[in-house]
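Please open the structure in the viewer and keep the selection panel at hand.

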Amino acid sequence: MSLDSGTASFTLEQLREAWTRQIEQIETAAQYGFGDFEDAGLFDIPAYYLSLYGKLTDEDRKPEEALFKRGVGLLKNFYQYARDSKSVLAAHKDIHYKLWNRINDLATKPFGAFDLNIRRHVYRMTLLAMELEPPYSSFWKDGDLTDHKRFREEYQNFLNISDEYLYDDVERRNWVLETQRRVEKAIVALRLVTATIKSQVNWTDDTTRPTYVDYPCTSDEYLYGEGKRPGVLSLKLRLGGSVTPEEREKMNEAKAKKSPNKRPASESKEPEPEPKTKKPRHPTSYTMTMENVDADIDEIYNDATYQRSNPRPPRHLVVTPITTIREGTLQNYRTELGVMIRQCRNDYFRGDKVPGTQERKERMLISMDARIQSLRDYARGGGSRWHGFGPLKISKVTAYQVRLLRSLYMKVLLSLDPPASTERLKRALMDRLDDWILFEEIWNEGDHRSLHFPRLGPVLRAGLRENIEARDANIKKWATMLSRMRNTPGLEELKEESTEIKEESSEPEEPAEPEKEPEKEAEEPEKPAEPPKYPWMKSKPGDALNWCLEPRKPGKTVYVSWKIDTRQEERARARIADRNEGFLKDGEGPELKKLEARYAEEDAASDKVAAALAQKGPPEYEKIPRNTVFERLMYMIIIFHWRLFQTRSIL
């Protein structure tokens, strides 16, 4: 049915007026703290808050630019209310889950990626939703996870994933990626919104390979694990479940067993000459003064060009300096870093102003510590992957925020009067080292991925490798310092001059307890005996950022296979190269033979993956119990992890 222009104009005007009234209602509600919930027919403030938040981010509405800007401006009001009224919102059942879904809906809107205010709002609200999440144990009842309709739907969707068309590596990788999505959605459906990171596994490391992907469900190894390899009960504990004392005892016995894949301690020791050339700093020589803390803050400001008048702090004032980041790289992050710094200054205090009273300082320290822990989880991939704004880039900016908040934390801690205890200072210094290690690991991951860009120049490639080596050296040195600090009962008093730190660190010194050092090294997680098969992936237990699959550019279309097309082009180029070297037109020269040998290896590896996937699952996977909610979730995770390990050569 056609409409004349007058009717169409009137209809659009009606829609505009309706949206304007909606915006005005939300503005009024936000202004009065959502206290008019009864007038709206709702039973409490959180329900009213969620209702208006959903209306504000409604995808079906397409307002004009002015109304859109008014709506985006209201996002700040929703964040401020949620930040200041956590106790009110926390009383609402599953508030973290409902808020998480609305944030995810907003983040996946097409207009979200192009508006910095929306991106910032999604980032801050995600952290807030993570803080509102209760302990995982609260989602368990009578030894099982609480069931939900959404979980049953996702479980059925998981079972319906077809393996009928796995003709090539592209299809197989997409198949595993779809498996991962279903598992993540199932975990979120159980209200464990941040537990997706707990279900990830390092599929590049056989020393921590779960036993349930190799052993049948009737074996002890399946439940209790073996050495460093976790079993089903280990994952149950990570998801908030509990085990009986007998099961705990068997788990401890299983940990004491030596895993067949574990590298002997004698092979894992460092070469003797290395400690002589690079002495780790003695734990008691690592300390901080207020001048060092200010240098840390100024260094972050300088990277973000937040205060252009402030020069970069002198190198001798920076304790445990990070690897220098290229100026060209920093330019791509300065907008986000500036937003992050302003956020921290607004939420806490400016870098040069510490709260006056002792009580305010203590409250701020508690708040900062909780925020840093949430940020660490977020940086490692617990929340960023859900929101589609370049997960690695968001993790890098979050790592910067962890550094800034830790520096502000140290500033407040050193300003306490009376001073903080020795043990508290030691704990803070150890946490700072942990945060610096996290920063280097995340930025190293970015450089590892950049090395695989086909058009990367040789100079830039060499620079990236130098940065990776420098960060690896920092991580190794700081991990050694952490290990020694954990074994050192006390901590010397803070030194007045940071130059003393440099002087002590430059002198050759002996370890505090040299006779225990080899034994300690043998207890730490060791590298595999052989070089890593996937050098671009340097994952560590506890860091799920690298193990989460992400969508890639399709490897084929309806009309053509890019693999076949690429090989056809490479063969033509190889024939031309051989012909230029004097080989016959129809003969095979060295370049073509080398190419065909590579293709044969690739095809053999692909066939090997196909043969492994033909088994459908681990031994006796059909017998895995699926009666309770937890057992059904475990079935999904076990099958997912098994598929990861079978296809890791193509991931």
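Axes are lines fitted to C-alpha atoms, for helices over the stretch in contact, and angles run from 0 to 180 degrees between N-to-C directions. Helices (H or I, at least four residues) and strands (E, at least two) are DSSP runs, numbered from the N terminus.

This is a predicted model, in which local features need pLDDT of at least 70 and side-chain atom pairs count only at pLDDT 80 or more, while totals for chains, interfaces and linings use all residues. Residues are numbered from 1 along each chain as its sequence is written, and side-chain values use heavy atoms, with hydrogens and water left out.

Of its 651 residues, 48% count as buried (under 20% relative accessible area; exposed is over 50%, and partly exposed lies in between, with a 1.4 Å probe and protein chains only).

Next, select helix H19 (residues 422-450) together with helix H20 (residues 458-486); their axes come within 9 Å and cross at roughly 155°. H19 is therefore roughly antiparallel to H20, a term for angles over 145 degrees. The residues of the contact between H19 and H20 comprise 14 nonpolar, five polar and eight charged (nonpolar: Ala, Val, Leu, Ile, Met, Phe, Trp, Tyr, Cys and Pro; charged: Asp, Glu, Lys and Arg; polar: the others, Gly among them).

Finally, select Asn252, which is found in helix H11 (residues 245-256). Is Asn252 buried or partly exposed? Asn252 counts as partly exposed because its relative accessibility is 43%.

Conventions:
Angles under 35 degrees count as roughly parallel, over 145 as roughly antiparallel, 65 to 115 as roughly perpendicular and the rest as oblique.
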